[in-house]
Amino acid sequence: MWTNPNVVSTRRDALVSMAGGFGWLAAQSLMHNESHAAGSSLAIHHEPKAKAVIQIFCPGGMSQVDTFDYKPELIKRAGTPFDPDGKLEFFASKPGKCRPSFWNFRQHGESGLWMSDLFPKLATCIDDMAFIYSMQSKTALHGPGCFMMNTGFTTPGFPSMGSWVTYGLGCESDNLPAFVVLPDSRGLPPGGIINWGAGFLPAVYQATTIHTQEGQSPIEDLFPPKSFSSIDRHTDQSDLALLQMLNRRHLEQRPGNTELEARIAAYEMAAKLQLSAPDVTNLDRESAETHLLYGLDDPEIGPFGRQCLLARRLVEQGVRFVQIYCGAENTTAEKVRPNWDSHEDLARDHGYWGRILDTGASALLYDLKARGLLDQTLVIGATEFGRQPAGQGGDAAGRDHNAGAFTAWMAGGGVRGGTSYGATDELGFKAVDSPTYCYDLHATALHLLGIDHTKLSYYHNGIQRRLTDVHGAVIKELIS
Amino acid sequence: MNPSKRLPLTCAFFLAAVFNFDPCCLLAEEGAESGQPIDFVKQVAPILEHHCIRCHSVDVSKGDVSFTTSVQMESQSLLVPGDPDSSHLLDVVQSIDGQPPEMPKEGSPLSASEVEVLYRWIKEGADWPVGVELRERSKADGSWWSLQPIATVVPPESSESNPIDRFVFSKLAEHGLRPSRQADRGTLIRRIYFDLIGLPPSPDDVRTFVGATDEHAYESLVDRLLASKDFGQRWARHWLDIAHYADTHGFERDQRRDNAWRYRDYVIRSFNHDKPYDQFIREQIAGDVLSPDDPEAVIATGFLAAGPFDFVGQVETQSSSLRRAARAADLDDMLTQVMTSTIGMTVNCARCHDHKLDPITQSEYYELTAIFAGLKRADRDTSATERKVFDAETSRLKSAMDGVSLKLAKMKASHIDLADVVGGGNGYGTGKKGHGIDVRSGKIQPSFVGDLENIKAGEYSRSQLPLIDGVFVPASGETQISSTGLVAHDLPKHSGKGWDGIRNGPVNSQFSTALGSIDFASPGHSMIGLHANAGITFDLGALRKSAGFADVCLFTTTVGYGGQPPTPSADFWILVDGELQSHAKLGRNDTVSVALEITPDKQFLTLVSTDGGDGYSMDQISYGDPRLADKNPKVIDAATIEQIVALEQELQRLDQEFKSLVQPAVFYGIVAEQPPETKVLVRGNPETPGESVNPGTLRFGGARVQFGPAEMSDSERRIALANWITDPSNPLTARVIVNRLWHWHFGRGIVGTPSDFGFGGERPSHPELLDWLAAELLRSKWSLKHIHRLIVTAKTYQMTSRIDAFQPDADRSQQKDQTQDARSIDVDNRLLWRMNTSRLPAESIRDAVLSITGKLNSQMDGPGYRDFDYEEAYAPIYTYKTADEPELWRRSIYRYIVRTTPQQFLLTLDCPDPANLTPRRSVTTTALQSLALFNNEFMLLQSRYFAERLEREAASQDAQIELAFQLAFGRSVSADEREAAKSLMNQYGLMHLCRVLFNASEFVNVD
């Protein structure tokens, strides 16, 4: 519904809008008070099923026909021309011949859903997972595709889902940020940090990046650089004491200025973060079994395992939204592509990344379930688009981009496991049964968090903007 | 009404077949009603358009219901002409059993009289004139406030001299409020410095101003700051926010735009020179065609190209539909930027459908995109003339140098290099290494190719090069080898295939360029790469003439195999006038030295390679050092040596001149071509083009404003739009810019949404003041500095920002009342009973830090500073480093801005994402900001430099502390602050005090 931006509808809005966003921390504490008092957060429209979201994003374009979307017809048509009329134009090539999955498919679990042998461990979780086989994108370009899956728009500048959720629900943790992103250790995904940006929402709602590699400071500027040996905990305390004295005096002379109060609180929060962030990222106290489960000691699998384990720990501590990247920006292929973008050697690249995702994602689902957290934690597996059922290249060893079909999955957090929604055509080229864009996935995720996606909006340059634009419907079939 | 009849609208569709429409029986009943029959267009359509069509139209059709035409409504049994009781429409729009009406879901219910009109209309037969389609009405129409002409307003009568104060104070009085007292001078100078130039005043500046007795001290200060070069460096940042300027493309590959900075400097200069605002806008939209000879006006069009560019989507991808989508998004970005920045209308909302709020139809949106349809973002010369002069000079010098080189070479060298001839040269080194000739056509082939298609063995092609007669793929047996029809005999059978070209150097993928111990690709050597199956015939007559050989010549070369296999697998052939001179089958280890005497009567020298009949793979024949020489070379005498020395000096002089040519200036802007046809894209989808439109602009519910026909040139289109925007009768342009200035000075505009003057935006808090300012801008011939001066010299601007402020003449109790009143009446300070406080923007925090430590590098203009390491890759990698050298201490406006990888420190401090048009920055307060200011290496290093400066400039501890407070806060230290500071200093050192001051609220906030 269109709302007049002049009308301040909530106390949070009032605080955020005052002279352009005064007093985040005042708002922050208000959120806590409200959520503690009323047992619900700010934008809750109905009883939530999920308290937190962990989204695993596989940039580059994961092939649906080699992973989740079983297409026996593709085996029958192997080697026959995919596009006999020669009318189709793919992103980087003309369609080659039909190329069946590089891995065998099997049915798993009680649900009997199919999964390829690329994911032997994840297959054992299949009864907890719900698949959307009929995902589509509006673009077959990586940058815009990633933007769309993360923000609902193919152009940069829009808030990511994590930012929207933070805007809607606020922060639950007292000493950790609400929205955390764990980028791949190799670098940024296509389109860069805009993928988890706050867009036109105030910067309060942007993600905090936590670096997951061992030995790295988990948060930018959490501590002074090592080159400043004259600074330590004691000097920090003295510095802070004088600072807060000056800030309080300054505030006393300017009574009623909420932003000045917020600044004082922000330094207190920063001090808390200095304790909580190293603590939450310290995996030493995790058991040997856990280390093994997440494959932490494996040089290839380990980094992603760390991201997944960290996500669990963050959610345990009350972090609302965690986004994990499984892959970085594309470069021209050398040994292995740094993400799922498998144009010339899918067996090599999906093989490499498949092993990584299989271990980390399955460990996360197991671990969450074992700790009783899966019920309240929505796990989403996403990519920006799928790949073509036709082979690419002379030896058809790769696959080109496909915006017409891909698979996304969800687990936990109120999702009905062992179910599926929608279908692609017999070759996996195009979604034909209940084709759906990211809007429905986003609407469903927000719904599980207790948010009506049509009501979570923010005025920007003439439009009351939403994560789902003017689209989106909750996929009820996948909700328990 | 029977409740059981109340069906949800979605079910109505299934009942359609039950009812039959019989107009005849309806007509019979018509006479029964008294009065005039209902007029659909006048009475019914407005009701449906007002209440229903927003959700129920062809485009939206919620519940599968569309009200666009009567056919649609009838098929859904919403409407049963003549039978109101069966018409489901009436069930849902009125209250039943005390329940609120089911429809409309949004907005107010229909009035009883509106329902009555619908009832009567249906009863009368639901007449719906043919061709009438209902359209959603935008919420605002042509009568919207911002679209009205700028009113002639007289400032309210009062004793105030500045008209702004008269407007603001009289409005305060209307609400029972009074203006707050004037801020003290210390506060005022800090405020005006940061506002106008983005830097803090020096302690001397503060001392002088606070102590000044001149009653116009403040006005003089304002004039000085408006005239300073720092003014443009501060205010350009505001405009670049609106232009979403950056120095990289953004999107997936995010390549660099190393020439974008010229536009940034243009904006700085324009603000410093107080360029009339209408000219500023005209130049940015059409400067290149309005004043093509004025580089400043040409560079201005960098505005149109300032936003992001999807290189992969527009250029790289092979999919035409992806390219169309990326192009449509690009045009939308360009158009939205131009229209929201200049006239504050959100035209982008009409891309997929008519604007829901403002009177802008979808076709107007596409008429506007037609203005920009001929434009592409690209590097461009700032001056076509400069480029022409440069090109002419370049070619003059090059040809002069070529001439001298040839003379020199002939004097010095005794031979012609045939490889150089193959590279398009004169045989003395002017040919291009690596260049080749296409064996199928004789054309020059600058870069490598692979397998050759469409080969015709035996076809002879003339060469474009003057010293070469032609080329051919040999036929087996007899084959033509010259343009005169000479024929070679006995050439063997081969595959008939070819690879790459005949090259000056190795062919594509050649295994080796070494034959025996000599690498013929090394300096001092040359080679012709001739992959099987190919032949080339040189024109001996032309060669002799060019070199001045009169007598017997000597042709020498070392022939060998460039492929890997040692087994001989390719043949070479050398013929003179068709007669075989030398031939062998070669493998990796074979070389043949050839030396032929050629008498003056011979016309053609032919070199051939064939594949040996075992396939052509790797059959790369190298002709090493292929040279034609005079058998009896001239003796170089003393006179010749003198000539050589002179020519060499001449060559050196020309080369100097060539190197001193200044490259024409290039900027990142737009290049234009004749615009293609523009079509409305149905639902905004580039794959569903609709009707064609001609270039035009917004008509705000009035008559169509067309600029011209489809054939209109790009320049005419842009000039027309620039003229329309800057026409003094356009009420938006002046209002929008004075409101922006107000917003930037006060932190909030008279209209709180500076880029949205439509229904979705805010209404003006002081409409009369806004119109007076807009008119004043026109009266001052669009001088922005005039408006700046008016605003900042107003008492309104100079009020204190203290919430507990009081008037000097009021006693304490009144003051309390006033504060209470003000806060209850106007907590947001929309009426301006006090000044707003502000948090310094990210750039000003950084600049202020550098200014206070004395490290600020005041260098203006030119390419931006790069505080990152750059690594070339498919998507380049930008790795930020700590700015700790003078080049990186320039003002933040000169930062090289990377879209995908923002500068984290500034981003944390609310520096906006240049993907967005940012008319209004958001200000947040976060723990990450505290960490950044407290721990970031740049801040700590600067704290150290701050301490060093204090130690240098003040002797005693007390003096150092005093100076520190003066520099950071613009005031003296108080006694207890001094004691606390001293204690920290004594414990840990001065640097720690400096760190604290940079983190203080008093430093980052302006009262």
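Across which strands of chain A does helix α9 (residues 302-316) lie? In this predicted model, helix α9 of chain A lies across β1 (52-57), β5 (179-182), β7 (321-325) and β8 (377-382) of chain A, and runs at about 180° to β7(A). Helix α11 (residues 438-448) of chain A also packs on the sheet, where it touches β1, β4, β8 and β11 (406-411) of chain A, with its direction making about 170° with that of β8(A).

The sheet itself is open and has eight strands, which follow the order β6-β5-β7-β1-β8-β11-β4-β12 in chain A with mixed pairing. Because β6 (208-209) and β12 (419-421) of chain A stand at the edges and have a single partner strand each, one side of each is left without a neighbour in the sheet.

The contact between the chains takes 76 residues from chain A and 78 residues from chain B. On the side of chain A that touches chain B, α2 (24-38), α4 (142-151), α6 (233-252) and α7 (258-281) each supply at least two residues, and the residues of this side divide into 39 nonpolar, 29 polar and eight charged.

Within α6(A), the packing partner considered here is helix α33 (residues 975-988) of chain B, at an angle of about 170° and with the axes 11 Å apart; α6(A) is therefore roughly antiparallel to α33(B). The contact involves T235(A), S238(A), L242(A), M245(A) and L246(A) of α6(A), together with E977(B), A980(B), A981(B), L984(B), Q987(B) and Y988(B) of α33(B), and its residues comprise seven nonpolar, three polar and one charged.

Key: Residues are numbered from 1 along each chain as its sequence is written. Chains are lettered from A and ligands numbered from 1 in the order in which they are written. This is a predicted model: local features need pLDDT of at least 70, side-chain atom pairs count only at pLDDT 80 or more; totals for chains, interfaces and linings use all residues. Two residues are in contact if their C-beta atoms, placed from the backbone, lie within 7 Å. Helices (H or I, at least four residues) and strands (E, at least two) are DSSP runs, numbered from the N terminus. Ala, Val, Leu, Ile, Met, Phe, Trp, Tyr, Cys and Pro count as nonpolar, Asp, Glu, Lys and Arg as charged, and the others, Gly among them, as polar. Two strands pair if DSSP finds at least two bridges between them. Axes are lines fitted to C-alpha atoms, for helices over the stretch in contact, and angles run from 0 to 180 degrees between N-to-C directions. Angles under 35 degrees count as roughly parallel, over 145 as roughly antiparallel, 65 to 115 as roughly perpendicular and the rest as oblique.
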